[in-house]
Protein chains: 2
Amino acid sequence: MEISALQKARYEYRPKLPACLAGSMHDIAIETGGAAEAVSDRDELKKIFKHTYGKPLITFSKGDNKQTNREIKAGVILSGGQAPGGHNVIAGLYDGLQKWNPGSTLYGFLDGPKGLIKNKTTILTGEIVDAYRNTGGFDIIGSGRDKIEKPEEFAASLKTAKTLGLNAVVIIGGDDSNTNAALLAEYFIEQGSDIQVIGCPKTIDGDLKNEYIETSFGFDTACKTYSELIGNIMRDANSSKKYWHFIKLMGRAASHIALECALQTQPNVCLISEEIEEKKISLNQVVDIICDSIIKRAENGDNFGVVLIPEGLVEFIPEIKQVINEINDAIARDRENFSKVGSFIDQLYWFSMRISEVSYRILSALPPEIGMEFLMDRDPHGNVQVSRIQTEKLLIGMVEKKLKTLKDEKKFIGSFCAMGHFFGYEGRCAFPSNFDSDYCYSLGLSASVLIASGLTGYLACVRNLVAPPDEWIAGGVPLTMMMNLEQRRGAKKPVIRKALVELSGSPFKSYKSLRDTWLVTTSFCVPGAIQYFGPPEICDQPPLTLQLEKNKKE
Amino acid sequence: MEISALQKARYEYRPKLPACLAGSMHDIAIETGGAAEAVSDRDELKKIFKHTYGKPLITFSKGDNKQTNREIKAGVILSGGQAPGGHNVIAGLYDGLQKWNPGSTLYGFLDGPKGLIKNKTTILTGEIVDAYRNTGGFDIIGSGRDKIEKPEEFAASLKTAKTLGLNAVVIIGGDDSNTNAALLAEYFIEQGSDIQVIGCPKTIDGDLKNEYIETSFGFDTACKTYSELIGNIMRDANSSKKYWHFIKLMGRAASHIALECALQTQPNVCLISEEIEEKKISLNQVVDIICDSIIKRAENGDNFGVVLIPEGLVEFIPEIKQVINEINDAIARDRENFSKVGSFIDQLYWFSMRISEVSYRILSALPPEIGMEFLMDRDPHGNVQVSRIQTEKLLIGMVEKKLKTLKDEKKFIGSFCAMGHFFGYEGRCAFPSNFDSDYCYSLGLSASVLIASGLTGYLACVRNLVAPPDEWIAGGVPLTMMMNLEQRRGAKKPVIRKALVELSGSPFKSYKSLRDTWLVTTSFCVPGAIQYFGPPEICDQPPLTLQLEKNKKE
């Protein structure tokens with residue numbers, strides 16, 4: 001990799017710190033709250049996490065740290081999809097350990113959890129860490145999606161940690177990876193080891209969030225990058241006045257990214273999967289909502305607009321979910337026979353005899369390009385790859401069809417020309433915003449304090465994020481506190497609950513109160529590219545959804 | 001539209017100016033060079049442009065302007081696709097006219113050239129102009145792609161200009177629009193009118209460029225926005241190490257954008273249409289070039305990479321050009337019969353009997369999704385819509401096929417998983433970079449000086465752009481100087497020559513000297529988002545291609 005001018009300048013950025021983390025490590029006192037309980041399934045969780053359940057909430061404050069400043073050996077893992085700021089978590093962790101004792105060592109596990117299982121590491125020196133400060137990406141040590149699941153993988157992980165003589169393992173990841181961190185912490189104690197495990201809340205999707213974790217890192221930068229692009233496209237639409245842009249946004253099942261981007265850019269329509277599921281809104285009704293905006297705007301002479309679509313939408317639309325399930329089942333029942341069916345047309349015919357009439361009617365009515373994706377783009381198990389379905393094109397096709405009918409009936413007087421976009425990979429590795437740079441560095445520092453304090457099974461936690469950084473509250477939350485039991489592959493498993501958009505929360509309610517206006521008028525807002533050096537109202541703002549959530553609480 | 005924090009801050013930006021334009025308008029002297037000649041077809045051009053051919057090159061310098069400071073009425077048109085900085089041209093024009101005489105009036109013609117034809121205008125007040133300073137988009141008055149072509153359209157344009165009592169019309173546009181400006185200037189004189197016509201060089205594509213026009217405005221901002229996204233994706237690829245990203249970039253026929261972005265980001269492969277045409281590289285050879293990179297990188301364990309593809313590529317690949325032509329011809333010969341052919345499969349069959357065997361073999365070998373685009377996505381004349389063909393997916397499909405064969409032959413040992421992207425609309429309306437903000441404002445000011453000096457048939461021109469702005473040279477170039485005759489719809493027409501990438505130019509040569517390394521190694525560079533407030537090496541750099549062109553000349 002070459003170093004750009006911006007990257008060079010970003011090396012010099014010094015993240016702003018919470019007051020409690022700003023001084024010497026020995027001036028950080030550990031305040032403990034009462035024993036923390038999980039939100040549900042407490043008895044079962046207590047049984048699974050015999051040694052790590054019921055630990056107290058930790059808050060750092062100015063005072064005396066009681067620990068001796070021993071040398072610490074820690075290893076760090078980047079797990080799952082990239083999120084801007086991961087490098088700063090590592091920089092904060094590194095600096096914290098060095099401040100604690102300059103003889104401390106930080107290992108980086110290569111390419112995700114498998115680095116721990118297979119003992120693939122690199123020693124992270126000051127020189128290496130400096131080359132990644134305030135940069136995007138996870139390329140300092142690479143990332144991976146493997147999980148530590150099987151007994152032999154747990155055993156191998158312990159063996160690696162012992163071989164390296166580690167005091168602690170830090171896992172930077174999303175809900176799944178932190179569930180893994182909790183299980184690993186419990187396993188280490190179970191095996192008589194005192195090696196600690198600490199997690200850090202990462203994911204651009206924003207679905208790792210609860211009372212103590214206000215937001216996962218990377219969400220801010222990703223949303224600001226997508227909002228830059230959406231805003232630019234809006235300005236384009238408002239200039240040429242002839243295109244409707246259907247923009248799908250990454251974010252897996254949750255619609256947090258779509259909602260944040262909607263609040264930042266004010267599109268004509270933003271679909272929220274959680275609302276669609278809750279209200280059982282059908283595909284035709286979704287099409288009607290979009291057509292409603294198109295028709296009303298056309299009446300004002302505005303034959304252009306912007307629609308935001310969350311990545312996971314199709315899975316929340318009841319009848320599409322049904323089609324997908326029936327296709328998957330039909331293939332599972334008769335895999336061998338199906339493998340001999342060649343072309344799209346032949347496949348369509350094959351399914352016509354194997355899925356319900358309703359589902360077949362939906363499948364064959366889809367734009368051919370999309371139908372093909374349903375049938376031909378399957379994963380190794382033969383399942384439809386939902387994330388690869390071009391929902392934006394599906395909706396464009398269906399809206400076009402509907403408008404044609406409405407035009408014939410003289411209920412639509414405008415013109416409709418649409419373009420589809422998908423934004424995802426563009427935002428996962430952007431240079432972290434100042435907010436994410438500051439937040440991540442504090443998370444890394446916090447992880448180092450949790451390690452130095454001999455704690456395990458904790459998620460590093462920095463709160464009060466809508467206040468200026470020196471008022472941020474840092475500490476740790478017991479991982480088990482965020483867990484519940486969920487059905488996974490036929491068995492009840494302890495997992496960190498995925499936070500979806502709450503329809504009763506202020507971000508959604510704020511959007512809801514504005515969307516009828518946006519549906520018709522051109523209320524677009526163009527935030528522009530993320531700025532790192534300008535005035536604080538441009539450079540240092542936390543996500544809008546977070547501001548709405550916190551301001552309501554206060 | 002709502003006003004974002006960045007937009008508010010950008011209102012305050014004061015564009016940097018060439019020394020000659022910085023003071024009072026009355027201190028700008030007009031220096032004239034010798035009579036300017038066109039590069040070719042001089043005699044024919046002389047006949048077409050009886051009154052405007054052979055005018056001198058104009059350069060502004062510090063001195064005395066001989067003109068009296070009369071009130072000026074001017075009208076301005078934004079023509080064609082959006083380019084960042086258009087609003088600053090208008091702001092410069094407005095400020096220049098006001099400085100000349102505060103009683104001057106600037107009309108904005110609405111939604112492109114048709115605003116002039118149909119006399120649809122708005123008066124641009126200081127308040128309106130202030131709300132668009134240093135912003136992207138053309139939404140201040142809208143844009144349009146109509147042309148002033150028919151005799152009655154020329155007559156209507158003159159009528160509007162006379163009705164409004166205009167002294168001048170300013171056309172902000174690309175090669176076509178400025179060809180139009182030249183014809184309009186000539187027509188006005190022919191009709192005994194002294195209404196002046198001035199052009200301004202706009203287009204993100206970078207193909208309006210010659211000895212005097214170093215770059216068109218918007219190119220810099222668009223390329224920097226695309227490079228931001230490409231760089232982010234590169235960092236993503238280098239973190240997860242499992243995807244090849246095929247990125248198509250806007251830019252019509254010319255590959256300037258792809259080349260500039262390649263120099264900024266250093267991808268593994270960047271295809272240059274001009275080279276492919278010159279060397280008659282076939283589609284299979286293009287696929288081989290990409291596979292070569294994939295195979296070599298896989299041997300180093302790098303199963304990821306980035307390929308840049310210029311928008312116009314397919315039209316430059318000989319055999320694809322042939323397929324498109326044969327499809328267009330077949331439909332033109334038998335339009336009625338074809339309109340009855342329904343599905344994709346039926347259409348494929350229909351063509352099998354009407355196009356050459358070679359072309360049919362290519363067509364039916366295309367990935368079905370792409371074949372469908374060739375056959376089903378046609379413009380109102382029945383022609384294949386080349387710009388809508390997903391070249392990135394076409395290449396992914398063909399590369400996949402080829403690698404499968406190579407894998408069977410044990411010539412490819414890696415894995416290949418690819419993703420396609422198209423960047424275009426994301427960059428056309430971004431907030432203009434400082435470079436584009438400065439350049440455009442100077443272009444607008446220059447246009448006002450050309451008007452005040454009574455000149456017509458000129459393109460506003462600001463040169464020496466790689467030097468600091470106060471050393472920039474401003475003036476005007478006779479539009480006819482950039483023209484030649486080209487075949488258009490069966491007749492020879494005067495047009496401004498489109499500048500394609502020169503294979504003997506330093507930007508391409510620089511790329512060529514580096515690409516063998518980039519093909520194998522990970523030399524990615526991540527420029528990050530456009531910055532407006534930071535250090536000059538980040539915020540004020542002209543395009544790299546321009547720097548290479550100028551530094552070589554000097």
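How far should the 16 residues of helix H14 (residues 318–333) of chain A span at 1.5 Å a residue? The views below come from a predicted model.

**View 1. The span of helix H14 in chain A.**

**View 2. Buried residues of H14(A) and what covers them.** The buried residues are A:Glu319, A:Ile320, A:Val323, A:Ile324, A:Glu326, A:Ile327, A:Asn328, A:Ala330 and A:Ile331. An α-helix has 3.6 residues a turn, so residues three or four places apart point the same way.

**View 3. Helices H7 and H8 of chain A pack together.** Two packed helices are described by the angle between their axes and the distance between the axes. Helix H7 covers residues 151–163 of chain A, and helix H8 covers residues 175–190. Their angle is about 70°, and their axes lie 11 Å apart. Angles of 65 to 115 degrees count as roughly perpendicular, so H7(A) and H8(A) are roughly perpendicular to each other. The crossing of H7(A) past H8(A) is right-handed. From H7(A), the contact uses A:Phe154, A:Ala155, A:Ser157 and A:Leu158. From H8(A), A:Leu183, A:Leu184, A:Tyr187 and A:Phe188 meet them. The residues of this contact are seven nonpolar, one polar and no charged.

**View 4. Helices H10 and H21 of chain B cross.** Helix H10 spans residues 256–265 of chain B, and helix H21 spans residues 506–520. Their axes come within 10 Å and cross at roughly 50°. That makes H10(B) oblique to H21(B). The crossing is left-handed. H10(B) brings B:Leu259, B:Ala262 and B:Leu263 to the contact. H21(B) brings B:Pro507, B:Phe508, B:Ser510, B:Tyr511 and B:Trp518. Here the contact residues of H10(B) and H21(B) are seven nonpolar, one polar and no charged.

**View 5. B:Ser359 in helix H17 of chain B.** This helix runs over residues 357–365. Is B:Ser359 buried or exposed? Its relative accessibility is 2%. Buried means under 20%, so B:Ser359 counts as buried. Leaving out residues up to four places away in sequence, B:Ser359 touches B:Gln322, B:Val323 and B:Glu326. B:Ser359 and B:Lys321 are 38 residues apart in sequence. In space they are 9.8 Å apart, C-alpha to C-alpha.

Note on methods
Residues numbered from 1 in each chain as written. Chains lettered and ligands numbered in written order. Predicted model: local features only at pLDDT ≥ 70, side-chain atom pairs only at ≥ 80, totals over all residues. Heavy atoms only, no water. Axes fitted to C-alpha atoms, helices over the stretch in contact; angles between N-to-C directions. Helix = DSSP H or I, 4+ residues; strand = E, 2+ residues; numbered from the N terminus. Parallel < 35°, antiparallel > 145°, perpendicular 65-115°, else oblique. Left-handed = near helix turned anticlockwise from the far one by under 90°. Contact = heavy atoms within 4.5 Å. Nonpolar A, V, L, I, M, F, W, Y, C, P; charged D, E, K, R; others polar. Expected span 1.5 Å × (residues − 1). Buried < 20%, exposed > 50% of the residue type's maximum accessible area, 1.4 Å probe, protein only.
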